[in-house]
Amino acid sequence: TGVQTCALPICEGLETYQKHPADLVIMDLLMPDTDGLETTLQLTREYVDAKVIAITGAQGDRNFLDVANLFGARRTFQKPFDIAKLLQAVKEELAAQ
């Protein structure tokens with residue numbers, strides 16, 4: 001399988017996932033037109049097997065990342081992050097069945 005990327009509003013993103021489920025979603029929690037936390041919650045609620053890695057550049061406490069975990073994200077990363085650690089997380093999540 002290949003890699004697909006998309007940046008869509010919440011309704012379009014969920015519709016796209018429904019039509020073409022991804023093996024893994026990397027979700028930015030703070031986007032201009034979309035609430036990444038809400039999208040993570042809806043995605044993991046509707047698709048229990050959905051694998052989400054959440055990222056954010058929000059400064060301050062880890063509240064966004066903690067909430068993302070509560071909403072179903074399997075892993076979280078604070079920007080800037082170590083790309084090698086993200087790639088390792090991707091490999092591990094894709095290997096897990």
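## The parallel sheet

Asp-28 stands opposite Ile-55 in β2, within a parallel pairing in which four bridges join β1 to β2 (residues 52-56); two strands count as paired if DSSP finds at least two bridges between them. Helices (H or I, at least four residues) and strands (E, at least two) are DSSP runs, numbered from the N terminus. This is a predicted model, in which local features need pLDDT of at least 70 and side-chain atom pairs count only at pLDDT 80 or more, whereas totals for chains, interfaces and linings use all residues. Residues are numbered from 1 along each chain as its sequence is written, and side-chain values use heavy atoms, with hydrogens and water left out.

The open sheet has three strands in the order β1-β2-β3, with parallel pairing. Because β1 (25-28) and β3 (75-78) stand at the edges with a single partner strand each, one side of each is left without a neighbour in the sheet.

## Helix α4 against the sheet

Helix α4 (residues 83-95) lies across β1, β2 and β3, and these strands are among what covers its buried residues. Leu-86, Ala-89, Val-90 and Glu-93 are the buried residues of α4, buried meaning under 20% relative accessible area, exposed over 50% and partly exposed in between (1.4 Å probe, protein chains only). Seen down the axis of α4, the buried residues fall within an arc of 100°, so they line one face of the helix; the arc is that of the directions from the helix axis to the C-beta atoms. On the other side of α4, Lys-91 and Ala-95 are exposed.

Key:
Contact means heavy atoms within 4.5 Å. Axes are lines fitted to C-alpha atoms, for helices over the stretch in contact, and angles run from 0 to 180 degrees between N-to-C directions.
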